[in-house]
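Let's take a short walk through one protein model, a few spots at a time. Have the sequence and the 3D view ready.

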Amino acid sequence: MDQSFHAMGERRRNIVLSLCLAGLLLACCGYLQANKYEYNYAISIIERSLIYAVVAVSMNLVNGFTGLFSLGQAGFMAIGAYVTAILTIPTANRPSVYYISGIHPWIENLHAPALLALILGGLAAAACAALIGIPVLRLKSDYLAIATLGFAEIIRALIAAPMMDRITNGSYGLKSIPGFSSIFQVLALAACSIGLMVLLINSSYGRMFKAIREDEIAAEAMGINLFRTKELSFVISSFFAGISGGMLAMFMRSIDSKTFQVSLTYDILLIVVIGGIGSVTGSVLGAFLVTAGREILRFFDEPFFLGGVQVPLFRPGFRMVIFSLLLMIVVLFYSKGLMGTNEFSWNSICRFFGRKERKKQEGRVPHDGAK
Amino acid sequence: MSLTTFLQQCLTGISLGGAYALIAIGYTMVYGILRLINFAHGDIFMMAGYFMIFAMASFPWFIALPVVLLITTFLGVGIERVAYKPLRSAPRMSVMISAIGVSYLLQNLATYLFTALPKAYPEIPVLKRIFLIGGLSASFVTFFTPVLTVFLVYILIMLIQHTRIGMAMRAVSRDYETASLMGIDINRTISITFAIGSLLAAVGSILYFTDRMTVFPFSGSLPGLKCFVAAVFGGIGSIPGAVVGGFVLGLGETALVAAGYSTFSDAFTFVLLIVILLVRPTGLFGEKITNKV
Amino acid sequence: MEPSETVADVLEMQSVVMQFGGVTAVDELSLHVGKGEIIALIGPNGAGKTTAFNCITGIYQPTSGAVLFEGRNLRGLSPDVITRLGIARTFQNIRLFNNLSVFDNVLIAMHLRAKDNVFSATLRLNRKEEARMRAETELLLREQDLFGLKDEIASSLPYGLQRRLEIARALATRPSLLLLDEPAAGMNPQETQELTDFIVRIRDQYHLTIFMIEHHMDLVMQISERIYVLNFGKMIAHGTPEDIQNNPEVIEAYLGVTEDA
């Protein structure tokens, strides 16, 4: 009785704390939005972080929660981005976008509102994932990494191929993609996508994903259809990767095939690893840290003078070396990342501070005694 | 298409295939022993390209050649020691992420040190000499690559079949734990596997880049992926399989380029992967692996 | 109990052969298990007992021969389908979902009979199903005296409890036939005795048929109605515990021939 009362109190406290945090964040975003010309840079960092958070959580869904190693994120993002871009570029601007090789009649007047375009982009990515999954996930999923990495490269090659000129505008890329009108749109989209994935992870299907991650043979012996469940996780993950690709297209306003190189996948992998493989909050945190870190560490790429002498290491490319070293260090020495497989919760925060508090008190007692 | 053109294309394909085969062996051996897709292997191959540029700048070719082979071998073994060995007992995904980390690091390091612009690959005079046989003209390297590949593979197979270290390798790839209980030095065996793989990648790199003429930081990533597919095609863990896979890939790609579908020559590799996984998941020469329960 | 011929066979293996490359792990194995029986499969290490189990549960497809479950041929069915038909198993080297809680381990097995899909589950439209699964899990854990440990991580349990949890998880799939692969491995005599009673209890409580591989002869002799003995993949004896105890061939198989003395 007493315990359940305590738990109820805890729950109420958690809800209050969560609402406070959400309110605080919204207020911050509101402030930035109200002064958007002043805080242009900060807003763009936050928007990019949110978009990366979506794709990082989607990667975590398949890699961290289902235990499959997929490296196709950049490819699925590219599909989402191109579908979104093709559907949302205003028809009036299309002749100027496709001025070199002209536009294919099929897509000339095809137009969709942004939200629908994003979802269609996600569905297209999911469909491609389903096709790759059939041969690869039926067998040892070892080859999934290579198959998806290869797929991402093929997608890139196809996008830039001359025969696709009239659809993807080849290597010139697509421009005049309508962007987001406010940071709240990005926030809402990211929150919805991540929220849905969290609900999935905590549902009975999420439990099956984890069962497969823990032990495939035991999972199968519990009546779980391995192929169907893996395929489901992979397809859903790719759907959200596609959505985030579409969001990236809207954020960048112009895209080309080089945007979706393998290094994009590696960046997202870095986020997932730093945040903790198997932790959603870790991925979100990682997305903000890595994106902001990238901006802050920009000075590594600029010539750096110390007392009038140029320090030789600092020149273009150094930042990426630092980033790859960071990935290695995390993998080798802090393999749990920031969060391990834990999630952020008020209870653990309170416990953490509670312990500190207690330690302080405990520390004081013997001191007093010595007096 | 005339017979001469056809033969000419075949020759190009076989030559490319030979280089692929040498790289694929590194993948297949490492996967056989550690069940690890060594994502960094393609980048070791790329680094070997850069080493050659610098070695040729300071030494004559007959000194530069062994120097490059030696440094590349050390690089491969060093990577294993630093990035894979500490993770022996970690989940397999961690090791693969580590491999990606190394690959990413080598690419970024190369970009940083040598810039992203392609660098000219030095000409090794002997390899570049043009030969004419009948109506066919090709540089020496084109003829030499398949011959050298077959020769090296023969030596490697002899080594694996008839020496103590070869026996150790076979034992470790069969059953890791039992092998270590039998007193086989696992770490040494793995190091030697990486040494052989990297050495062959260095040889492959010289043959490949002599034909391509430029090196850039990402020139290892796509050939790397392709060669892994070649290894899967031949049956992962099987050295003859990797060689056959390499040649099939080289010939197939060249045929597509010759037919005018060069955009799809890269895609061909992955179609091949999907097809082999659907039709014969264990590859051409792979043994059926049964899970122990 | 009546002789087994009068009860319907739950499981029947008909000349099952399992070859790996040139090695014949199971050779012409024929046996039958009647409804409600407790049957043991014994034999020295490497005799092919676990392989026989793997042939039943679909992890291996027998090279030849047939496995019938309640009259239905299991050829070509995958392990998850076979579990759905009503065969559950435990593993020789315990396979729990190590990083998940005791509760989740059992809850996952409950999903077998859930009527939901990924959308209803994600959007929480399956609250009723979820509540039912949780209630059933709680009941099962209480019945197996594991409820107090429901939030423990599976791998943190002591060995004996891990075995119990694995059996509880198997029961959650509501099997009619339970295959136990060395349930007493690594247990001391007292724990083995508890397990013996436990097996009989769950058989009666859940109306199970039990087919087990076991090395502890005390346990086997106490509760099995019949025993099959396997050596080098071949069945060398079959009968009641008394028959087996006095069978010279079995004694020889276990003690080894004196050739290398």
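We start with S94(B), which sits in helix α4 (residues 92-114) of chain B. Keep in mind that this is a predicted model. Y84(B) is 10 residues away from S94(B) along the chain, and their C-alpha atoms are 9.3 Å apart.

Staying in chain B, look at helix α7 (residues 164-174) and helix α9 (residues 186-212), whose axes come within 10 Å and cross at roughly 105 degrees. That makes α7(B) roughly perpendicular to α9(B). Where they meet, α7(B) brings I165(B), A168(B), M169(B) and V172(B), while α9(B) brings I186(B), T189(B), I192(B) and T193(B). Sorted by class, this contact has 6 nonpolar residues, 2 polar ones and no charged ones.

Now hop over to chain C for some strands.

| Strand pair | Direction | Bridges |
|---|---|---|
| β1(C) (residues 9-20) and β4(C) (residues 64-69) | antiparallel | 5 bridges |
| β4(C) and β5(C) (residues 72-73) | antiparallel | 2 bridges |

Zooming in, Q14(C) has A66(C) in β4(C) as its bridge partner. On the other pairing, F69(C) stands opposite R72(C) in β5(C). The hairpin of β4(C) and β5(C) has 2 residues between the strands, and there E70(C) takes a positive phi near 50 degrees.

Terms used: Residues numbered from 1 in each chain as written. Chains lettered and ligands numbered in written order. Predicted model: local features only at pLDDT ≥ 70, side-chain atom pairs only at ≥ 80, totals over all residues. Pairing = 2+ DSSP bridges. Helix = DSSP H or I, 4+ residues; strand = E, 2+ residues; numbered from the N terminus. Axes fitted to C-alpha atoms, helices over the stretch in contact; angles between N-to-C directions. Parallel < 35°, antiparallel > 145°, perpendicular 65-115°, else oblique. Contact = placed C-beta atoms within 7 Å. Nonpolar A, V, L, I, M, F, W, Y, C, P; charged D, E, K, R; others polar.
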